[in-house]
Amino acid sequence: MATGGSSIYKGSDLIHDFSCFKCQENDFNTEAQHFCPDCEHYLCDMCVGLHNGYHKKHTVYGRGDIEKWVGSSIDRCDQHGKELEVHCDDHQELCCNVCVALNHRLCNSISHLPDLAKGFHKKVEIQQLSATVKKMSSRLDELQNAGTKYQAELKDSYKKAVAEIKAIRKEIDSILNQLEKATIEQVDGMIGDFENDAKDDVEKCMKVNDQLKNLMEKINQLVGKRKETTAYIGYRKCTVKLAQANDLVGEIQKRPKKDIQFVSDRTIESFLE
């Protein structure tokens with residue numbers, strides 16, 4: 001049988017998954033398109049109009065809400081909405097006539113429900129049912145309460161875990177900030193020393209160069225004035241200063257150039273990864 005209100009044939013009788021209750025009262029076999037949970041009636045398109053006229057406050061569900069049709073009445077089939085009439089002993093299932101036509105035609109043992117129900121209200125099973133249901137309901141309530149408590153505990157543990165993660169992140173940030181500060185301070189000290197050395201070299205070069213230029217200028221003036229003794233003295237001083245300049249140049253050129261390079265500790269990156 002196809003879903004969505006389709007029908008099947010059994011001999012010459014048309015069997016619907018849901019038949020109109022009012023039509024059945026008048027010996028008509030019409031497929032229902034609506035269901036009223038207040039009346040517990042399945043209704044065709046024609047009968048639903050009459051129903052709505054008499055029961056304006058009733059909520060009626062159409063085929064689009066067919067999942068709300070079944071299960072509304074205890075003596076109705078949950079699948080087809082028909083009245084439950086028999087019990088399939090082979091499958092241990094309550095069946096309506098549609099169930100039998102579709103799924104239980106080849107079953108060996110099918111019992112009529114009124115026959116099975118005779119004197120059942122006096123049996124121990126029905127008398128103990130309330131206590132059994134109450135006991136099971138109590139167990140379900142316990143599980144429900146435990147589940148609710150567990151949900152709350154999960155939320156608390158989640159919040160705690162997130163707080164711990166954030167705390168560790170804050171601690172790591174603090175450590176990294178301290179490491180950065182200490183490393184930069186170390187670089188600051190290095191650049192200060194290197195800059196002082198370079199500044200001293202520049203000042204020494206400027207000083208010796210100025211001294212040489214001044215001496216040479218004075219010597220040239222003395223030579224022009226034919227002051228030989230004074231020019232000789234200037235010459236000797238200039239050669240001494242040239243020797244000093246030569247030593248300075250050699251010292252500066254021999255000294256290796258220094259620069260600053262940063263090489264990170266790979267173990268830190270590996271740890272953070």
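This is a predicted model: local features need pLDDT of at least 70, side-chain atom pairs count only at pLDDT 80 or more; totals for chains, interfaces and linings use all residues.
With a relative accessible area of 37%, Glu85 comes out as partly exposed. On the surface, Glu85 gathers with Glu40, Asp75 and Glu83 in a patch of negative charge.

Next, the salt bridges: searching the whole structure turns up 5 of them. One of these pairs Arg63 with Glu31 through their side chains, at 3.4 Å from N to O. The two partners come from distant parts of the chain, 32 residues apart: Arg63 is in the loop between E5 and E6, while Glu31 is in the loop between helix H1 (21–25) and strand E3 (34–36). Arg63 and Glu31 are both buried.

Another salt bridge joins the side chains of Asp201 and Arg255, at 2.5 Å from N to O. Asp201 belongs to helix H5 (residues 124–224) and Arg255 to the loop between helix H6 (228–254) and helix H7 (266–272), so this contact ties together parts 54 residues apart in sequence. Asp201 counts as buried at 14% relative accessibility, whereas Arg255, at 31%, counts as partly exposed. Arg255 also meets Glu251 in a salt bridge, here at 3.1 Å from N to O. Glu251 is partly exposed too, at 39% relative accessibility. Through shared partners, the salt bridges join Asp201, Glu251 and Arg255 into one network.

As for helix H2 (residues 45–54), its buried residues include Cys47, Val48 and His51. These span an arc of only 100 degrees around the axis, so they fall on the same side of H2. Exposed Asp45, Met46 and Leu50 are carried on the face turned away from that buried side.

Methods. Residues are numbered from 1 along each chain as its sequence is written. Side-chain values use heavy atoms; hydrogens and water are left out. Patches are made of residues with over 30% relative accessible area and no salt bridge: like charges are joined within 9 Å, nonpolar side chains (Val, Leu, Ile, Met, Phe, Trp, Tyr) within 5 Å. Accessible areas come from the Shrake-Rupley method with a 1.4 Å probe; for residues, only the protein chains shown count as cover. A salt bridge is a side-chain nitrogen of Lys or Arg within 4 Å of a carboxyl oxygen of Asp or Glu. Lys and Arg count as positive and Asp and Glu as negative; His and the chain ends are not counted. The place of a charge is taken as NZ of Lys, CZ of Arg, CG of Asp or CD of Glu. Buried means under 20% relative accessible area, exposed over 50%, partly exposed in between (1.4 Å probe, protein chains only). Helices (H or I, at least four residues) and strands (E, at least two) are DSSP runs, numbered from the N terminus. The arc is that of the directions from the helix axis to the C-beta atoms.
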